[in-house]
Amino acid sequence: MEINKTTTSQMEMYSRFRVDQPSTRTATPHSAQTPNADASRMDTVSVSEEAMLRTEAYRAAMNGPDVRQDKVDALKDRISNGTYQINSRQIAAGMLGMEKALLTR
């Protein structure tokens with residue numbers, strides 16, 4: 001299966017951050033700074049652990065192969081040998097399960 005055109009805008013905003021950095025969720029509100037605050041103090045943004053994991057998963061998915069050739073070759077062999085069996089009941093049950101899940105949202 002090949003997936004083209006994925007929505008990456010949500011993940012791209014995290015791409016500047018390194019995945020191996022520890023993270024905490026902190027922010028300094030602008031109103032908390034006083035006019036005489038030290039010029040070296042700056043507001044900071046930290047990325048949550050969940051965002052870091054999502055970024056890592058996104059990168060792994062984008063760097064992985066599009067086709068798992070070993071699976072394709074195994075299926076081709078089974079089809080050519082006549083050992084590939086289709087379980088229509090299992091396919092129908094899966095389709096009905098997906099439809100049910102969509103209706104219960």
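What span should the 13 residues of H3 cover at 1.5 Å a residue, and how far apart are its end C-alpha atoms?

Reply: Note that this is a predicted model. H3 has 13 residues, so at 1.5 Å a residue it should span 18 Å. The expected span counts one less than the number of residues, because that is how many steps separate the two ends. The end C-alpha atoms of H3 are 18 Å apart, which agrees.

H3 covers residues 69-81. Gly82 comes after H3, and its phi is positive, near 80°. Tyr84 also lies beyond H3, in the loop between H3 and H4. With 37% relative accessibility, Tyr84 counts as partly exposed, because this value falls between the 20% and 50% cut-offs.

Tyr84 also belongs to a nonpolar surface patch of about 730 Å². Two helices, H3 and H4 (88-103), each give two or more residues to the patch. H4 gives the most, with 3 residues.

H2 runs over residues 49-63, and its 15 residues should span 21 Å at 1.5 Å a residue. Its end C-alpha atoms are 21 Å apart, so expectation and model agree. The buried residues of H2 are Ala51, Met52 and Thr55. Looking down the axis of H2, these buried residues fall within an arc of 100°, so they line one face of the helix. The face turned away from that buried side carries Ala60 and Ala61, which are exposed.

Side chains of opposite charge can pair when their charged atoms come close. Arg54 and Glu50 form a salt bridge, with 2.8 Å from N to O. That distance meets the rule, because the cut-off is 4 Å. The two residues sit in H2, 4 residues apart, or about one turn of the helix. Glu50 has 47% relative accessibility and so counts as partly exposed. The salt bridge count comes to 1.

Last, the whole chain. There are 4 helices and 0 strands. From the N terminus, the order is α-α-α-α. Of the 105 residues, 7% count as buried. The accessible surface comes to about 9800 Å², and carbon and sulfur atoms account for 54% of it. Take the contacts between residues at least 6 apart in sequence: 56% of them join residues at least 24 apart.

How values were computed. Residues numbered from 1 in each chain as written. Predicted model: local features only at pLDDT ≥ 70, side-chain atom pairs only at ≥ 80, totals over all residues. Heavy atoms only, no water. Buried < 20%, exposed > 50% of the residue type's maximum accessible area, 1.4 Å probe, protein only. Arc of directions from axis to C-beta. Patch = residues over 30% accessible without salt bridge, like charges linked within 9 Å, V, L, I, M, F, W, Y side chains within 5 Å. Areas by Shrake-Rupley, 256 points an atom, 1.4 Å probe, with all protein chains shown as cover. Salt bridge = Lys/Arg side-chain N within 4 Å of Asp/Glu carboxyl O. Contact = heavy atoms within 4.5 Å.
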